[in-house]
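Welcome! Let's get to know this structure together, one question at a time.

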Amino acid sequence: MDIENSYELEEDDDTLYNRLQNENDEYLELFESDMLEKGLSEKTIRRHIGNVEFYLNSFLLYGDPVPMNQGCGIIDQFLGDFFIRKCMWSTPGTIKSTAASIKKFYKCMADKSLIAKEEYTLLCGIIKDNMEEWQDNCSIYNDPDEDNPFLIPDFF
């Protein structure tokens, strides 16, 4: 596996989806091995793997499939929108812990030269710059007495 993807433009959706999911499984195995080598507990490893697996296989492969190595720049769409609206377990705390898992994963991928270091730096910057807003929007979204922060006003 290298940084550049080798996806056929003519590849059908099912084939591309399956290929990307298989690649994601390999990346998750690398990530798990890396965490085991660093001495993380089984419980911590399972939490990180679960968070990252959801990002890779439920978000990046939702709709038009996106390869792992293109996922850093769209973290805002995930943590700032999709995760809040689609995950019943979303709280300000789960946003923070999910972001930590994804950062740890992409750090591992950068260390193994599976993504460019600049992509990892971009990811970290997006998370740092937006975390407070994501957590605030999540709190508002989960409060039935507040207006939906994702509602698009009717201009007509």
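Q: Is D81 buried, partly exposed or exposed?
A: This is a predicted model, in which local features need pLDDT of at least 70, side-chain atom pairs count only at pLDDT 80 or more, and totals for chains, interfaces and linings use all residues. Residues are numbered from 1 along each chain as its sequence is written, and side-chain values use heavy atoms, with hydrogens and water left out. Buried means under 20% relative accessible area, exposed over 50%, and partly exposed in between (1.4 Å probe, protein chains only). With a relative accessibility of 26%, D81 is partly exposed.

Q: Which residue does D81 meet in a salt bridge?
A: Side chains of opposite charge can pair when their charged atoms come close. A salt bridge here is a side-chain nitrogen of Lys or Arg within 4 Å of a carboxyl oxygen of Asp or Glu. For D81 the N to O distance is 2.6 Å, and the partner is R85.

Q: Why are D81 and R85 separated by about one helical turn?
A: An α-helix has 3.6 residues a turn, so residues three or four places apart point the same way. R85 is partly exposed, with a relative accessible area of 35%. D81 and R85 are separated by about one helical turn because they sit four residues apart in helix α3 (residues 75–86).

Q: How many helices and strands does the chain have?
A: Helices (H or I, at least four residues) and strands (E, at least two) are DSSP runs, numbered from the N terminus. Along the sequence the pattern reads α-α-α-α-α. The count is five helices and zero strands.

Q: Which residues do salt bridges with shared partners join into one network?
A: D111 forms a salt bridge with K117, their closest N and O atoms being 3.6 Å apart. D111 is partly exposed at 40% relative accessible area, and K117 is partly exposed at 48%. Through shared partners, the network joins K107, D111 and K117.

Q: Where is S113 found?
A: S113 has a positive phi of about 60°, although it is not a glycine. Its place is the loop between α4 (92–111) and α5 (117–142).

Q: Are α2 and α4 roughly parallel or roughly perpendicular to each other?
A: Two packed helices are described by the angle between their axes and the distance between the axes. Here axes are lines fitted to C-alpha atoms, for helices over the stretch in contact, with angles from 0 to 180 degrees between N-to-C directions. The axes of α2 and α4 come within 9 Å and cross at roughly 85°. Angles under 35 degrees count as roughly parallel, over 145 as roughly antiparallel, 65 to 115 as roughly perpendicular and the rest as oblique, so α2 and α4 are roughly perpendicular.

Q: Which residues does I102 contact, leaving aside neighbours within four places in sequence?
A: I102 lies in helix α4 and is buried, at 0% relative accessibility. I102 and Y55 are 47 residues apart in sequence, yet their C-alpha atoms are 7.9 Å apart in space. Counting contact as heavy atoms within 4.5 Å, I102 meets V52, Y55, I75, F78 and L123.

Q: Which residues does T98 touch, not counting residues up to four places away in sequence?
A: T98 is also placed in helix α4. T98 is buried, with a relative accessible area of 2%. The residues that T98 touches are N51, F78, L79 and F83.
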